[in-house]
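Student: I would like a close look at one part of this structure, namely its pockets. Please take me through them in one connected answer.

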Amino acid sequence: MSLKDKVALVTGAASGIGKACALKMAEQGASIVIADLNLEKSQEVANQIIASGGRALAVAMDVTDEAAVFAGIDSAVAQLGSIDVLVSNAGVQIIAPIEDFKFSDWKKMLAIHLDGAFLTTQASIRHMYKSGRGGAIIYMGSVHSHEASKLKSAYVTAKHGLLGLCRAVAKEGGPKGVRANVVCPGFVRTPLVEAQIPEQAASLHITEEQVIKNVMLKDTVDGEFTTVDDVANTVAFLAGFETNALTGQSIIVSHGWHMQ
Ligand code: NAD
């Protein structure tokens, strides 16, 4: 179980969970491709890895843009030699009650979470098959891959959809050594969640403290946020797991919010 000599591409790696996954896998010896909309911030993460003796590359990529995904992944493979691990992590959150949810926002959510996962999978798996070495594909799901919450219809739909994509990829990829799994975090205090606290307070007519205590962390075993390190450790474990024994699964990392 080693990431030495592996190349891992992480989407949405300029911030939050994706950044932590990139840094963790770099620590464990992988070369890292930071793929994000935000090239300047991606380059900063790449520079941080290079400064600590690792190998990293930043690529500008909108995961909903087919041409950009294929160009970014092909260029990463040309420069670093392979792609062995894909962490499909880029994501956003848009909340509103269903009766007010804009159709344009619904389409945007499904495009980033589902089209992005499909396109990055397709572009990566072709290289994984061609190399003959297989690989690991990890989707960033959520407790919302298994549970619903108010105001999050598009997010819950997209995150449930990732379970289906993961299982299909696990079945098709298995014979060629490609494993696929979903990591499902509870609430992690990243910019994505910081933005939701005041929005939910306004929509639900409660205070920000009540959003944290009574909405976000209500069902955890200890009232604690999940950390980016909790998620990154799980991703690195799956990335380094070498056999098909662990494929088509979802692992919930949520302080017991959801148990299955
Ligand atoms: P974040 O806002 O800190 O980071 C998201 C990153 O994705 C940003 O760098 C952003 O530029 C990038 N991104 C957005 N749209 C993109 C696109 N079209 N193409 C490429 N990059 C794009 O958010 P985060 O909390 O680290 O979230 C990362 C993932 O984890 C998301 O899929 C999110 O749904 C999931 N998640 C987060 C939490 C949480 O509580 N924070 C919980 C469960 C799941």
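Which domains does the lining of the second largest pocket draw at least three residues from?

Tutor: This is a predicted model, in which local features need pLDDT of at least 70 and side-chain atom pairs count only at pLDDT 80 or more, while totals for chains, interfaces and linings use all residues. Residues are numbered from 1 along each chain as its sequence is written, and side-chain values use heavy atoms, with hydrogens and water left out.

The lining of the second largest pocket draws at least three residues from each of domain 1 (7-186 + 227-253) and domain 2 (189-225), with bounds that come from an automatic or database domain assignment. A pocket here is an open set of points on a 1 Å grid over the protein atoms alone, where a 1.4 Å probe fits, with protein on both sides within 12 Å along at least five of seven lines, and lining residues have an atom within 4 Å of a point. Its lining consists of 15 residues, and those nearest the centre of the second largest pocket are Ser149, Lys150, Val215, Lys218 and Trp257. Two elements, α6 and α7 (208-216), each give two or more residues to this lining, and α7 supplies the largest share, three residues; such helices are DSSP runs of H or I with at least four residues, strands are runs of E with at least two, and both are numbered from the N terminus.

The largest pocket also takes lining residues from both domain 1 and domain 2, so it lies between them. In that pocket the largest share of the lining, four residues, comes from α6.
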